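Subject: Structure for you to look at

Hello,

Here is the structure I promised to send. Please open it next to this email and follow along.

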Amino acid sequence: MTLVPDCTLMRLRKRKRCFPSCSSLRKVDEDEIYWRRRKEDEELEWTPNSTHLISQFTQCFRGLFHRTTTKRDDKFIDYPLSPIEEERLQRLQERLQVPYDETRPDHQESLRALWHCSFPNVSLEGLISDQWKDMGWQGPNPSTDFRGCGFISLENLLFFARKYPESFHKLLLKKDGKRATWEYPFAVAGINISFMLIQMLDLCSEKPRCLPGMNFVKLLGENEEAFDVLYCIAFEMMDAQWLAMHASYMDFNDVLQATRMQLERELSLEDINKIQDLPAYNLL
């Protein structure tokens, strides 16, 4: 079961969208009804490593981005890019086209590095192991979860773990606030955040055609790590929204939508010249 619609890897200039919807999204409404009934009856016994719950949790919010689109404005189509902005945007877009390949040694090493950063005192039994469920993957093989968003979603998680280890572990281990009985699975949520940012910033277009995306390119020109840092900010924002809304697994769609709206507002401010100017940067 994939988390988000599969991405058809094509050249940017030949494609309008890079995350087409899939037919399985039609089942979302039925799943939501089913899980609302299960929640009301409180018949499901929860354990932190419950693969069944994580799988059903995924079904509950996998249609979120199928229903949400970035508002585009034609007046932004012809805005100029500086040479450095154009170069860095192209490099970022090239990263979006790299699928996760479990046969590539560098991809395998990145996955091992993510485990080591997450649980430095625990030896990993293998790239396919039930241990991965402790991090919030749907099953013993994380590679199946990367199909919807590609290698960049692993890069985002690894960047977060290395750049802001304290914040990363705080969210991974759910240290802050009064947590729900049925929490969001960390890794699955991380992939959704990567996908949300790609869509929100309109990164699959030749150049972004929305105000948040246009302003993001300016931040990218100032800092090539702007997308990765924005990912870390978005993860912190999502968790803060989760706590503020006293959310549980059925509320993930609403939490992620609220996070997106807040990010769009901050990226639309006139006095944002670098990533550190975003008000939510202080969450890191």
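**Overall fold**

Keep in mind that this is a predicted model. The protein has 11 helices and zero strands. Read along the sequence, the pattern is α-α-α-α-α-α-α-α-α-α-α. There are 284 residues in the protein, and buried residues make up 56% of them. Next, take the contacts between residues at least 6 apart in sequence. Of these, 73% join residues at least 24 apart.

Start with a general point. In soluble globular proteins, nonpolar side chains tend to be buried together. Here, the largest nonpolar core has 70 residues. Which helices supply it with at least two residues each? They are helix 4, helix 5 (105-118), helix 6, helix 7, helix 8 (186-200), helix 9, helix 10 and helix 11 (252-267). Helix 10 gives the largest share, 12 residues.

Two residues have the most contacts inside this core: Leu197 and Phe235. Look at Phe235 now. Its place is in helix 10. Is Phe235 buried or exposed? Its relative accessibility is 0%, so Phe235 counts as buried. Leave out residues up to four places away in sequence, and Phe235 touches Leu157, Phe160, Leu171, Tyr184, Phe186, Ala189, Gly190 and Ile193. One more distance is worth checking on screen. Phe235 and Asn192 are 43 residues apart along the chain, and their C-alpha atoms are separated by 9.9 Å.

Then find Leu197. With residues up to four places away again left out, Leu197 touches Phe227, Leu230, Tyr231, Ala234 and Leu263.

**Two helices that cross**

Two packed helices are described by the angle between their axes and the distance between the axes. Now apply that to helix 4 (residues 83-96) and helix 9 (residues 211-222). They pack at an angle of about 100°, and their axes are 8 Å apart. Angles of 65 to 115 degrees count as roughly perpendicular. Helix 4 and helix 9 are therefore roughly perpendicular to each other.

Which residues make the contact? From helix 4 come Ile84, Glu85, Arg88, Leu89 and Leu92. From helix 9 come Phe216, Val217, Lys218, Leu220, Gly221 and Glu222. By type, the residues of this contact divide into six nonpolar, one polar and four charged.

**Salt bridges**

The count comes to 13 salt bridges. A few deserve a look.

Begin with Arg95. It forms a salt bridge with Glu155, and the closest N and O atoms are 3.2 Å apart. Glu155 lies in helix 6 (residues 151-163) and Arg95 in helix 4, so this pair ties together parts that are 60 residues apart in sequence. Glu155 is partly exposed, with a relative accessible area of 26%. Arg95 is partly exposed too, at 21%.

Arg95 also forms a salt bridge with Asp228, where the closest N and O atoms are 3.0 Å apart. This pair links distant parts of the chain: Asp228 sits in helix 10 (residues 226-244) and Arg95 in helix 4, 133 residues apart. What about the accessibility of Asp228? It is 6%, so Asp228 counts as buried.

Next comes Lys170. Its side chain meets that of Glu236 in a salt bridge (3.2 Å, N to O). Lys170 lies in helix 7 (residues 165-172) and Glu236 in helix 10, so the pair ties together parts that are 66 residues apart in sequence. Glu236 is buried, with a relative accessible area of 4%.

Finally, look for a network. Salt bridges link Glu87, Arg91 and Glu224.

**A loop residue**

Last stop: Leu124. Where is it placed? Leu124 is in the loop between helix 5 and helix 6. Its relative accessibility is 25%, so Leu124 counts as partly exposed. Not counting residues up to four places away in sequence, Leu124 touches Arg112, Trp115, Gln131 and Trp132. Leu124 and Arg112 are 12 residues apart along the chain, and their C-alpha atoms are separated by 7.8 Å.

Best wishes

Methods
Residues numbered from 1 in each chain as written. Predicted model: local features only at pLDDT ≥ 70, side-chain atom pairs only at ≥ 80, totals over all residues. Heavy atoms only, no water. Axes fitted to C-alpha atoms, helices over the stretch in contact; angles between N-to-C directions. Helix = DSSP H or I, 4+ residues; strand = E, 2+ residues; numbered from the N terminus. Parallel < 35°, antiparallel > 145°, perpendicular 65-115°, else oblique. Contact = heavy atoms within 4.5 Å. Nonpolar A, V, L, I, M, F, W, Y, C, P; charged D, E, K, R; others polar. Salt bridge = Lys/Arg side-chain N within 4 Å of Asp/Glu carboxyl O. Buried < 20%, exposed > 50% of the residue type's maximum accessible area, 1.4 Å probe, protein only. Core = buried A, V, L, I, M, F, W, Y, C linked by side-chain atoms within 4.5 Å.
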